[in-house]
Amino acid sequence: MRTLNTEIAILGGGPVGYVTALRATQLGAEVTLIEENTLGGVCLNVACIPTKTLLSTSHIFAGIYSAKEHGIYCELEGIDWAKAVARKDRAVRSLGIGLEQLLQARKNTVASGSG
């Protein structure tokens, strides 16, 4: 494995930025990851992960709703969207904390800012 002996600044803490930062530190670089908002970018915080979490809730609802086709009968009152959104928020927060801890464990410096 080739070792880098350099300092690198990476703009943006989304999937491309944090993966690049992790790989660069594996190669020996000193990395500063600069993020204006929240680590994880749009995918983790407002698009992919939140959408998939809420879709999971709707898929479970649809499965219960159609359970009678399989001979399963149950009462379905509806979806408590406040709880569904709270679950989504917990998932996003948990993944964000995990990402932050991973970057710190791999000796990446995370700074708030833009470029």
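In this predicted model, three strands form an open sheet in the order β1-β2-β3, and their pairing is parallel. β1 (7-11) and β3 (109-112) stand at the edges, each with a single partner strand, so one side of each has no neighbour in the sheet. Averaged over the sheet and with direction ignored, neighbouring strands are turned by 25° against each other. As background, the strands of a sheet pair through backbone hydrogen bonds, either parallel or antiparallel. Here β2 and β3 run parallel and are joined by four bridges, and T32 stands opposite T109 in β3.

Helix α1 lies across β1 and β2, and α1 runs at about 170° to β2. The loop between α1 (15-26) and β2 (30-35) contains L27, which counts as buried because its relative accessibility of 17% falls under the 20% limit. The C-alpha atoms of L27 and E75 are separated by 56 Å, although these residues are 48 residues apart along the chain.

Helix α3 can be described from its length and from its buried side. At 1.5 Å a residue, its 18 residues should span 26 Å, and the 25 Å between its end C-alpha atoms agrees with this. The buried residues of α3 are P50, T53 and T57, and, seen down the helix axis, these buried residues fall within an arc of 75°, so they line one face of α3. In general, an α-helix has 3.6 residues a turn, so residues three or four places apart point the same way. The buried residues of α3 pack against α2 (41-45) and α4 (81-105), whereas K52 and H59, on the other side of α3, are exposed.

T57, which lies in helix α3 (residues 48-65), is buried with a relative accessible area of 17%. Leaving aside residues up to four places away in sequence, T57 touches I79, A84 and R87.

The accessibility values for selected residues are listed here.

| Residue | Relative accessibility | Class |
|---|---|---|
| L27 | 17% | buried |
| T57 | 17% | buried |
| C48 | 32% | partly exposed |
| C74 | 44% | partly exposed |

A disulfide is a covalent bond between the sulfur atoms of two cysteines. A search of the whole structure finds zero disulfides. C48 is partly exposed at 32% relative accessibility, and C74 is likewise partly exposed, at 44%.

Note on methods:
Residues are numbered from 1 along each chain as its sequence is written. This is a predicted model: local features need pLDDT of at least 70, side-chain atom pairs count only at pLDDT 80 or more; totals for chains, interfaces and linings use all residues. Side-chain values use heavy atoms; hydrogens and water are left out. Helices (H or I, at least four residues) and strands (E, at least two) are DSSP runs, numbered from the N terminus. Buried means under 20% relative accessible area, exposed over 50%, partly exposed in between (1.4 Å probe, protein chains only). Contact means heavy atoms within 4.5 Å. A disulfide is a pair of cysteine sulfur atoms within 2.5 Å. Two strands pair if DSSP finds at least two bridges between them. Axes are lines fitted to C-alpha atoms, for helices over the stretch in contact, and angles run from 0 to 180 degrees between N-to-C directions. The expected span of a helix is 1.5 Å times one less than its number of residues. The arc is that of the directions from the helix axis to the C-beta atoms.
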